[in-house]
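Student: I have a protein model open and would like to learn how to read its features. Could we go through some together?

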Amino acid sequence: MIARRTEVMEHSANLARLIDLHNKGFEYIQPFEEFQTLITTLRNDLENIDEVIKEDSENWSAEENLELYYENSVPIWEATQQEYSMKKKNMFDVLSDFKRHLKDVDENLNKNLTMQHPSIYFLFRNGYGESSKYSKISQDFYEAEWEIYIQTLNYYVILTYLLTGVVMVVGCLLIGWKLYQLQNCSNKIWNIIFNFPHPKVREKYSNTLQRLEFLPFDEEPLTGEDVMNEEKNTKKKEPRYYKPW
């Protein structure tokens with residue numbers, strides 16, 4: 001965007017010189033009808049550039065060449081009643097001056113505008129002069145801003161990887177802990193079973209056999225068709241309750 005601003009300044013200087021030469025009789029250089037279109041294009045470009053730069057300025061953090069935007073350190077030349085003077089302004093004000101003088105040229109284009117006109121002089125002198133030079137210098141500020149943005153983005157990426165790694169490590173530890181608890185519980189259950197007294201095991205085995213004797217089924221295995229027929233023919237019976245183990 002800064003590079004585009006510098007180009008518009010230089011194009012404004014070219015346009016001012018073309019208008020000056022046209023009104024001095026050099027009509028072959030540029031058709032007069034195209035001056036209006038060129039001025040409108042330059043004014044629209046400057047409006048867009050000014051809006052974008054002001055929006056970006058709200059988040060600036062780099063300090064390199066920052067004074068060019070907030071301190072009156074950019075020299076500009078102005079013509080007032082055939083007297084030429086140099087002033088210092090910041091880049092925001094310089095851009096506003098360019099828009100103001102382009103508007104003045106646009107409104108007085110049909111008049112005999114030459115280099116003696118304040119707006120023609122301003123655009124030509126500053127478009128090729130210090131304003132354009134300092135506009136290029138301020139581009140370093142945007143490069144510093146871009147480096148800060150890339151550095152911040154890298155920090156976020158690294159932080160994301162670290163958080164992801166921590167979550168994975170914690171998840172693996174939790175899974176391992178749960179598996180350890182499950183294995184420990186399983187070992188305890190098997191130890192309880194295998195450490196059961198022998199008389200108790202025989203008692204449980206005997207109770208199991210007694211219960212199996214009360215189950216209503218034949219010893220011979222049933223086929224799938226037999227199972228279906230038996231389910232249809234079996235009537236619902238009252239459940240039996242047995243003494244618990």
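Student: Which side chain does the side chain of Asp97 make a polar contact with?

Tutor: Keep in mind that this is a predicted model. For a polar contact, look for a pair of N or O atoms within 3.5 Å. Here the side chain of Asp97 pairs with that of Arg100, at 3.2 Å.

Student: Does Asp97 count as buried or exposed?

Tutor: Buried means under 20% relative accessible area. Asp97 has 7% relative accessibility, so it counts as buried.

Student: What does Asp97 touch, leaving aside residues up to four places away in sequence?

Tutor: Asp97 touches Ile76, Glu78, Lys89 and Phe122.

Student: Where does Asp97 lie?

Tutor: Asp97 is part of helix H4, which covers residues 91–107 and has 17 residues. From first C-alpha to last, H4 reaches 24 Å, close to the 24 Å expected at 1.5 Å a residue. Its buried residues include Phe92, Leu95, Phe98 and Leu102, along with Asp97.

Student: Which residue caps the N-terminal end of H4?

Tutor: That is Asn90: one of its side-chain oxygens lies 3.0 Å from the backbone nitrogen of Phe92.

Student: Now for the surface. Which residues make a nonpolar surface patch?

Tutor: Ile150, Leu153, Val157 and Tyr161 make one of about 370 Å². Take Leu153, found in helix H7, residues 139–194. Leu153 has a relative accessible area of 40%, so it is partly exposed.

Note on methods:
Residues are numbered from 1 along each chain as its sequence is written. This is a predicted model: local features need pLDDT of at least 70, side-chain atom pairs count only at pLDDT 80 or more; totals for chains, interfaces and linings use all residues. Side-chain values use heavy atoms; hydrogens and water are left out. Helices (H or I, at least four residues) and strands (E, at least two) are DSSP runs, numbered from the N terminus. The expected span of a helix is 1.5 Å times one less than its number of residues. Buried means under 20% relative accessible area, exposed over 50%, partly exposed in between (1.4 Å probe, protein chains only). A polar contact is a pair of N or O atoms within 3.5 Å; within protein, one must be able to donate a hydrogen and the other to accept it, and residues adjacent in sequence count only if both atoms are side-chain atoms. Contact means heavy atoms within 4.5 Å. Patches are made of residues with over 30% relative accessible area and no salt bridge: like charges are joined within 9 Å, nonpolar side chains (Val, Leu, Ile, Met, Phe, Trp, Tyr) within 5 Å. Accessible areas come from the Shrake-Rupley method with a 1.4 Å probe; for residues, only the protein chains shown count as cover. A salt bridge is a side-chain nitrogen of Lys or Arg within 4 Å of a carboxyl oxygen of Asp or Glu.
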